[in-house]
Amino acid sequence: MRVIAGTHKGRLLKSVQGKTTRPTTDKVKEAVFHMLGPFFEGGTCMDVFAGSGALGIEALSRGMDRAIFVDKHPKAIRTIHHNLKALQLSDRAEVFRTDAIRSLQAAAKRGLTFNLILLDPPYQAVHYDTYLEEIVKLELVKENGLVYCEHDPAIVLPSRVNHLVRTKYEKYGNTTRISIYQRGKQT
């Protein structure tokens, strides 16, 4: 696993040991970030279900100013800290060991909003609608901001959740589908 582009292009990332995480492949990550950006001019990102932190680190490498990483597993948290330190990104990041919904609620209490929210949970373990609705309810996405959902191809996500509109819906192989939502103006 490596950083695909940006200031840390080619740098290797440590993955979480064990079978509790499923890292996004470099091929999928490259395709996804070409759809998302491919480069950012500042902004903030939240990597929920972060695992190794590879997606959020890719966003930082491609120009995001700051990122918040969230995972509830201790091995993942240690791996994220290791990767951020190895790439000298710790000063641009916050890492929290907590449940995903709690992390969204905590961000809202702090008045935070994001240009990009990355949702890459264990495919069968969550209901994506719950997270998308919570993100909308808490107003966590800036206008024109994006929400990335990586999921099993058999899972069909809604085309719209209030002011979040699905703008991309791509399948990668037999195991991965990507849905990207963009926040429009509230009506």
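Let me start with a term: buried means under 20% relative accessible area, exposed means over 50%, and partly exposed lies in between, with a 1.4 Å probe and protein chains only. Lys-14 is partly exposed, because its relative accessibility is 37%.

Now the ground rules. This is a predicted model, in which local features need pLDDT of at least 70 and side-chain atom pairs count only at pLDDT 80 or more, while totals for chains, interfaces and linings use all residues. Residues are numbered from 1 along each chain as its sequence is written, and side-chain values use heavy atoms, leaving out hydrogens and water.

Back to Lys-14. Lys-14 sits in the segment before α1, which covers 26-36; helices (H or I, at least four residues) and strands (E, at least two) are DSSP runs numbered from the N terminus. Together with Lys-75, Arg-78 and Arg-97, Lys-14 forms a positive surface patch. Patches take residues with over 30% relative accessible area and no salt bridge, joining like charges within 9 Å and nonpolar side chains (Val, Leu, Ile, Met, Phe, Trp, Tyr) within 5 Å. Lys and Arg count as positive here.

Next, helix α2, residues 54-61. How many of its residues are buried? The count is 8 of 8, among them Leu-55, Ile-57 and Leu-60. The buried residues of α2 pack against α1, β1, β2, α3, β4 and β5, where contact means heavy atoms within 4.5 Å. After α2 comes Gly-63, with a positive phi near 120 degrees.

That leaves the salt bridges. Side chains of opposite charge can pair when their charged atoms come close. The rule here is a side-chain nitrogen of Lys or Arg within 4 Å of a carboxyl oxygen of Asp or Glu, and the count is 4.

One of them joins Glu-58 to Arg-62, with the closest N and O atoms 2.7 Å apart. Both Glu-58 and Arg-62 are buried.

Another joins Arg-110 and Glu-94, at 3.0 Å between the closest N and O atoms. Arg-110 is in the loop between α4 and β4 and Glu-94 is in strand β3, so the pair ties together parts 16 residues apart in sequence. Arg-110 is partly exposed at 45%, and Glu-94 is partly exposed at 22%. Arg-66 is linked with Glu-94 and Arg-110 in a network of salt bridges.

Glu-134 also pairs with Lys-137, the closest N and O atoms being 3.5 Å apart. Why are the two about one helical turn apart? Because they are 3 residues apart in helix α5. Glu-134 is buried, at 10% relative accessible area, whereas Lys-137 is exposed, at 57%.

How values were computed
Areas by Shrake-Rupley, 256 points an atom, 1.4 Å probe, with all protein chains shown as cover. Charge placed at Lys NZ, Arg CZ, Asp CG, Glu CD.
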